[in-house]
Amino acid sequence: MFDWIHNIPILSVVTYLPLVGALLILFMNKESGGSIRRFATLVAFVDFLISLPLWFEFERTGELFQFRESASWIPSIGVRYEFGIDGISLLLVLLTTLLGVISFLSSWSAIGEREKEYYIFMLLLQTGMLGVFMAMDFFLFYVFWEVMLVPMYFLIGIWGGPRKLYAAIKFFLYTLVGSVVMLLGVLALYFYNSSGLLGFEGLGNPRTFAILQFHEISALIPPSMQWWIFLAFFVGFAIKVPMFPFHTWLPDAHVEAPTAGSVILAGVLLKMGTYGFVRFSLPILPEGTRALLPWMVALSLIGIIYGALVAMAQKDMKKLVAYSSVSHLGFVMLGIFALNSAGLNGGILQMINHGLSTGALFLLVGVIYERRHTRMIADYGGLSSKMPLFATVFLIITMASIGLPTLNGFVGEFTILVGAFSRTWWWALVGAIGIVLGAAYMLWMFQRVFFGPLDNPDNEDLEDLNKRELLYLMPLVILCFWIGLYPKPFFAILEKPVDYIVRRVDADYAANVDVAAVTAPAEVSE
Amino acid sequence: MSTLLDVGTLHYLVLSALLFLIGTIGIVVRRNMITVLMSIELVLNSVNINLIAFSFSHGDLTGQIFAIFTIAVAAGEAAVGLGILIALFRLRQTTELDQARELSG
Amino acid sequence: MDFLVAHGSSILFFLFALAAVIGALGVVTLRNPMFGAVSLLVTFLCVAVLFLLRHAEFVAIVQIFVYGGGIMVLFLFVIMLVDQHQLMESDKYGGHWWLAVLAALLLAAVFITAFLPVSFADPPVAPPAFSNVEGVARGNSEAIAWSLYRQYLLPFEIVSVFLLVAMIGAVVLGRKQ
Amino acid sequence: MRWLWLIPVLPFLGAFLNGVVLRDRLGKKGVWMVACGSVLAALLVSVLAISGYLGSEQYSAHEPFEQSVYEWIPAGSMGLDDGSFADVSVEMGFLLDPLSCVMLFVVTFVGFWIHWFSVGYMDHEPGFQRYFTYLNLFMGMMLMLVLGNNYLVTFVGWEGVGLCSYLLIGFYFDEEFPPYAGRKAFIVNRVGDLAFLAGMFALVAHFGTLNYEKLFGTIEAEPALVQGDYVLGMTLATFVTLALFIGATGKSAQIPLHVWLPDAMAGPTPVSALIHAATMVTAGVYIVVRSNVLYQLAHGTSELVAIIGALTAIFAATIGLAQTDIKKVLAYSTVSQLGYMFLACGVGAYTAAIFHLMTHAFFKGLMFLGSGSVIHAMSGEQDMRKMGGLKEHLPWTYRTFVAGTLAIAGAPLLAGFFSKDQILAATWADHKLLWVVGLVTAGLTACYMFRLLFMTFHGPFRGSEEQHHHLHESPPSMTIPLIVLAVGAVFSGYVGIPKLGSIDINVFDHFVGQVVAHVGHGEHHASLGIELFLMALSVVVAFAGWWLARKYYGGDRGLAEGERWAAKFPTVHRWLFNKYYVDEAYDATAVRGTWACARGLFRFDSKFIDGVLVNGSRHLTVGISLLSGFFDKYFVDGLVNLVGVVSQSGSRFFRRLQTGLVSQYALVLLIGMAMLVWFYVVVGLRR
C-alpha cells in the first residue's frame, strides 16, 4: 500500500517539507494571519501524513538502518549527506511530526502577534529536529543540532513570557556551550579515525564523519581517550537532557516559552540528549560508558529524586511540569545506563511516553493559561465543576505521567526499573521512590487546581474544552492508552536496534545471546 | 635610457601608484561628495592597471578576469554611492561631506 | 623614425600615462564637478588604451563601455540632478589637506622603496594564454569567456547577484519617501 | 470459562459507556441501568465461569485454569541473577483457581449489591453519572486484581483500585477535606506500591517471569532457589515477601501505613462499604495468600506478618472504642479485622484468612451500608452522639445491623464466629502471646460494636428536632441489599465449619486449601479438646464485650454513663480519641520533612545551582569585565588625565580624532594603510 515511499527519498521529503512550507510563508501577506496559520498547520499535517507510512513500511526484522539516502557533500573533509533511520529514530521522527501538528493546532489561539514569523520559526524547528534524528553523518547531525537551536531561541525570546529574554539567552548559551564541547568530542573521533592529531596516532582510515564508521572502530579507541570523548559528549547531551546539575535552563525556558514551544521543547528537544547517548555515547564509547557508569547512574538517580522534590515546591504549574521532566528524564537515563535490553527498551519507550504525556500536560496548562492568563496554582481551585471534560483529560494525563498501569508511563517505568534492578538492585529502589514523589506532586497540583471550592470569582465563567482543543488532545490520550495497554508494536520496533546497542556495550550479553541462538535456533522468530 | 624607455611592468606599477595616490588625496581632501566618489573610481582604476600589468607579466588570464569583476564592483559601488548622495542631498540640501557628521563622537 | 617604430608602444604608453595622470589631477583639483567628471573620463579612456598596450583587449573595451559609458553617465546625471549652486564648495579642500598630501608622500615613499629592488621579467610578446582556448588560438574575448563561464562561473553569478542588490539598493535610496 | 477475560472488561465497558459515550444523555435511569447491568453481567459470567471451572477436568486434577489474552510487555532480554539471559515478557492473562474463585465471587456479588444500594443512596446527589463511572471502573480494576495470572496484571488492578479509591474518596470534590483524604490515600498506598514493585523486580530479576504458576511451580519444586543469600543478609524469599507485605500494609491499612483508611471515610458511604471494607482493602490479604509459597519459605517475614497483624488488630480496636463518628468506628473495625486476617496469614492459616475475608466482606459491607442508611435518614449526620433510638424509625436497618454486629462480635453460629475462631485456633497452636492479643481484640470488637449499636439505635434520640422530623426508613432499593448481605453475614460461615474430630465438613478449607503449598512453615492444628475450649473462651470474651457495652451505653441512659467512664481515664481516652496521634506524628516527620526537603532543594536549585553555579559564571564574566573596567578607570584613565593635565593640547588632539568627518577617517585609513604596506612590502621584502 505504501510501496511508493521506497521510490522517493522519503526521509529528505519529510525533513525538508516544513522548510519549503516556511519559504512559502515568506511570500504570504503578514496581515492574513488566518491563512498563514491554516497553511502552516496544513504543512505540518501533510508532513505527519507522509511520515506515517514509515511506520508500516519499516521492516522490523530487516536491516538496522533503513530508507538510506547517501550523497557526497563536502568531499574535502569527508562529509557526506547520509540519512537513515532505525527503530529508535523512527519512533522519534513520528513523535516529532505528530507533536508538530498538535503544537501548530494549539498555537492558533495562543499566538496573536507576528504570526508569520512565528510559523516560519516553528517550521524551521521541525526541519531541524527531524534532521537530527535522521542524520547518519556526525557533521550533518551537528548542523541540524545547531539549526534547531536558533528558531527555538527566537520562539522563546519573542513570544515568551515576562522574563523571555533571560530565559532565551540562558537556553541558548547553555545549549551552545554543550554543543561546542560535543563538537570537540566529534573532532577527536574524526581525527582519531583518520590522521591523528595533537600527538596521538590516527587509524589512518579515510576521513569521514559517518556514524557507523565510528561504531566500527569503537573497540580500537583506547580507554583513556574514550573516557575523555565520553565526557565531551556527556556535556553536550546532558545539558540537553537535562541531567542534574545542568538542568536549570529548563524551568526558565519552559515557563517563558509559548505553549507550543514548551510542547516541542519537552516533547522532542529533550529527547535529543537521550537520543545522543543512545546513538553515540553507548555504541561508540563502550569502555568510556562502563568507566563512567556509576557517575551517570548517580546523576540519573539524583535527577529523579531531586526533580520530583523540587517539583513539589513549585507554585507555578509550568514550572512544576518542567521539574517533573527532570525527574522523568532521570528515569530515561537510568534505563539507558542499565545497559541491558530491558532498561534500554524502557528508556527509549519512556522517551516517547514523556513526549506524549508531558507534551499533553503543557498543552493542558496552555489551555487554562489562555483563558485566565495565569499559571499560578493558587489562582485556581474547584475547576472540576466548571470544566469537567478538561478535568477528565487532565486526570488521565496526570495518571499517565505518574505511571498508573494501563497507561503509557507505567510500561516505560516498569521496564526501566526491571532493567535497572537486574543490573544493581538498589538503583531500581531509589528510582522507584521517584514514583511515589511523582504521585505526590502531580496529585497535589491536580487537587489544588480541580478540587476544593471554586472560590476565585475569576474562574466563574471558564469555558470547557472546545472542539479544536479536544481534537489535538485526543490523539495524545489515545496513544497513552495504546502504549499502556498494548505496547508490543513499539517493543517490536525497538528490538533490533536495542539488541545492536546492548551487544556493543555488553560483551557478556553478546556472547550469551549468540550461544543461545546457536543452541536453540529459530524457535521464537515471529 | 633604454631601460627607462623600455616600458615594462614597473612602469605600469608606477603609473598605478600615481593614480592611486592622487585618488586617495582626492578622497581625503575634497569636501564635495561627488568628487570623492570620482576619486574612489580613480583608485579602483589604478588597481585594475596593476592587475592587467601583472596578468601580462605572468602570462595568466586570471588578472583580466579579476579586473572585470573589479569593474563590476566599481559600477555597483558608484550606483549605491550616488544613491546615498541623492538621499543625503534631499535631507540636507548639500553634498558636502562635513555636513554629515552623524559619526561625531 | 626607427626610434618611433622600435619604441612605438613605449611612446604610446608615456603619452597616455601622462594624459591619465593629468586627468586624475584634474579630478582632484577642479572645483566644478562637471569639469571633474570630464577630466575623469579622459583618465578612463587613457587607461583603456594602456590596457590595450598590455594585450587586454576585452578589458579595455569593458573599461570604455562600463566606465566611459555607464558610470560616467551616472555621474553626469547626478551632477545635473543636484543644484549647481550647491555643488560649488564653499571651501574646496578640508582642513587638513597638507596632512593628506604628507601621508600620500609617505605612501609614495613606501611604494618607491617597494618597487626599486624588484625586477620584473616581462614576456616580449602577448602571452598565448591571452588568446588560446584549449590550445587553439581564438582570441582574447573567447579566452575570457571560456575562463569566465567555466572556471569562474560561481563568482560570476555572485557578482551578478551583487549588481542586482546594488541596483535595488540604489533604487531604494533614491526613492522619494 | 472461555469468557473469563470478559469479567473485568464488562465493568470497564460500563464505565466507558457512562463516562465517555453516553454521559448524561439517557438520564439517571440510563446511568444506573448501565452501571448495575454491567456488574450484574460480570456477576453472571463469574458464576458461569466458576461453575464451569468446578466441573472441568483441570479442577479435578487440581490445576488452575489459565487464560492468556495477549503479550503485554515484551521487555526484552536481560541478565538474570544466575548469569544466564532470558527474554522477559509479561502477558495480559487471567487465572481461575479456587482462591480467585472465592475472591471473584465475593467481589462481584457484594459489588453488585452495593451498586444496587448506591442507586437509592446517591439518588439526590449531584454527580450521579460520575459516581457510577468511577464505581464501575473500580469493579473492573478489582476484578483485574483478583483474576490476574501474574504479579503485574494484579498490580494493574492494585494501582487501578488505588486510583478509583482516590477518585471516590474525593468524590465531594468541592469541599476541602475529601480531596485531601483521597490524595493521602493514594500517596500512602504508593509508598506500599513501591515495595510491591521491588518485590516484583526481585522475582523478575531472578526468575525472568512474573507468572504465578511458573514462579510457584519452580519454587515449590526447588525451594532452595529462594533460600540462598540475596541482599542485605536476606534470602530472596524474605526480600520478596517483605516487599510484598509492605505493599499489603499500604493497601490493607496495616501499621504503619494504616493512616489513610479512617480519612477515606470522607467518600460516599457505599464506597466505604465496597472499597474500604469488602473488597479493595482485602487485596493485601489476597496477595499474601497468593504468594503463600514464598511466605512459607520465609519464617521471619511470616512472623512479622503475624505480629503486625495482631498489633494492628488490637491497636485499631482500642481506637474504635473511643470514636464517635459512626463511620470512623467501622473504619477502625475494618483495620482491626484486616489485622486478624494478616495474623492468620502469619501463622500459616491461609484458608482461615480468606475465609475471614469472605465473611468480613458480608458483615462489614452490611454494616457500612447500614450506617449509610442511618446517615441517609439523619440527613448526613455521622456523629453517634446526636443519634440514638433509631430502631423504631429504621426497623429493617436495625434488624440487619444487629445481624452484622452479632456476626462480627463472634456470636455463636454466625459467620464471624467460625472464621474468627479458626484464626484464633491456628494462632494458639503457633504463638500463645499473639493468641492472647487476638482474644482480647475479640472482646474489644464485641465491645465497640455493641457500643455503636447501642449509641445509634437504642436510648433516646439526641439529634435536632428537624432531624427527628425527617427520620424515615430507607426505600426498598436500599433495604433489599441490606437483607441480602445480612443473610450472607448469618449463613456464610457454614461453608467453613471447623473440623471437629472425624466430622470434616469444612468445604471452604478443602477448596481454598488447594492453592496453599506445603513447603515449609505451614499451619499448626490444635487438638479437638483445645479447639472446643477455645471456642467457648471466645464466646465468653465476646459476651464480656457485650456486657461492658451494655453496662455503659445500653438501655435508656444515653451517653452519661459512658462519658463518666471515659472521664475516669482522661489520658487514655485522649490518646484513643486522637488515634494515638499517629497522624500528627507522620505529619510532623514524614510529610513536613518531605515538604521541607522539597522547599530546601528548590532553594538550593535556585540559589546554589542556578544562582551560584550558573549565574555565578555569569557574574564571574561580568566581574572580570568590571575589574578591567576599574583598571581602565583608575589606572589608564589616571594616565590619560595626567597627560591631560600636563598637556591640554594633547588631549584636544585626541578628542579631535572623533570629528565625524569622513575625510578625516579616510586620512587615518590612508596613514594606517601606508604603514601596513610599508610593513609587509618593505620589511617583508628585506627578510
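**Exercise 1. Describe how E1(D) and E2(D) pair, and what their hairpin contains.**

Solution. Start with the strands: E1(D) (65-79) pairs with E2(D) (residues 85-96) in the antiparallel sense, over 12 bridges. Strands pair here if DSSP finds at least two bridges between them. Strands (E, at least two residues) and helices (H or I, at least four) are DSSP runs, numbered from the N terminus. Next, locate a facing pair: D:Gly79 stands opposite D:Phe85 in E2(D). Last, the hairpin has five residues between the strands, and D:Gly83 takes a positive phi near 95 degrees in this hairpin.

This is a predicted model, in which local features need pLDDT of at least 70, side-chain atom pairs count only at pLDDT 80 or more, and totals for chains, interfaces and linings use all residues. Residues are numbered from 1 along each chain as its sequence is written, while chains are lettered from A and ligands numbered from 1 in the order in which they are written.

**Exercise 2. Find the phi, the place and the exposure of D:His62 and of C:His55.**

Solution. Most residues other than glycine have a negative phi, and most peptide bonds are trans. D:His62 is not a glycine, yet has a positive phi of about 55 degrees. The loop that holds D:His62 runs between helix H3 (57-60) and strand E1 (65-79) of chain D. D:His62 is exposed, because 10 other C-beta atoms lie within 10 Å.

For C:His55, phi is near 65 degrees, again a positive value in a residue other than glycine. C:His55 lies in the loop between H3 and H4 of chain C. C:His55 has 19 C-beta neighbours inside 10 Å and therefore counts as partly exposed. The cut-offs are 20 or more other C-beta atoms within 10 Å for buried, 12 or fewer for exposed, and in between for partly exposed, with C-beta atoms placed from the backbone.

**Exercise 3. Characterise the packing of H14(D) with H19(D), then of H4(A) with H11(A).**

Solution. Helix H14 (residues 299-322) and helix H19 (residues 432-457) of chain D pack at an angle of about 25 degrees, with their axes 9 Å apart. Axes are lines fitted to C-alpha atoms, for helices over the stretch in contact, and angles run from 0 to 180 degrees between N-to-C directions. H14(D) and H19(D) are therefore roughly parallel to each other; angles under 35 degrees count as roughly parallel, over 145 as roughly antiparallel, 65 to 115 as roughly perpendicular and the rest as oblique. The crossing of H14(D) and H19(D) is left-handed, that is, the near helix is turned anticlockwise from the far one by less than a right angle (clockwise would be right-handed). The residues of this contact divide into 13 nonpolar, five polar and no charged. Ala, Val, Leu, Ile, Met, Phe, Trp, Tyr, Cys and Pro count as nonpolar, Asp, Glu, Lys and Arg as charged, and the others, Gly among them, as polar.

In chain A, the axes of H4 (residues 115-134) and H11 (residues 259-284) come within 11 Å and cross at roughly 20 degrees. H4(A) is therefore roughly parallel to H11(A), and the crossing is left-handed. A:Met122, A:Leu125, A:Met129, A:Val132 and A:Phe133 in H4(A) meet A:Ala260, A:Ile264, A:Val268, A:Met272 and A:Tyr275 in H11(A). By class, these are 10 nonpolar, no polar and no charged residues. Residues are in contact if their C-beta atoms, placed from the backbone, lie within 7 Å.

**Exercise 4. State the place, burial and contacts of A:Leu54.**

Solution. A:Leu54 is in helix H2 (residues 33-57) of chain A. A:Leu54 is buried, because 21 other C-beta atoms lie within 10 Å. Leaving out residues up to four places away in sequence, A:Leu54 touches A:Ile10, A:Leu90 and A:Val93.

Notes. Two residues are in contact if their C-beta atoms, placed from the backbone, lie within 7 Å.
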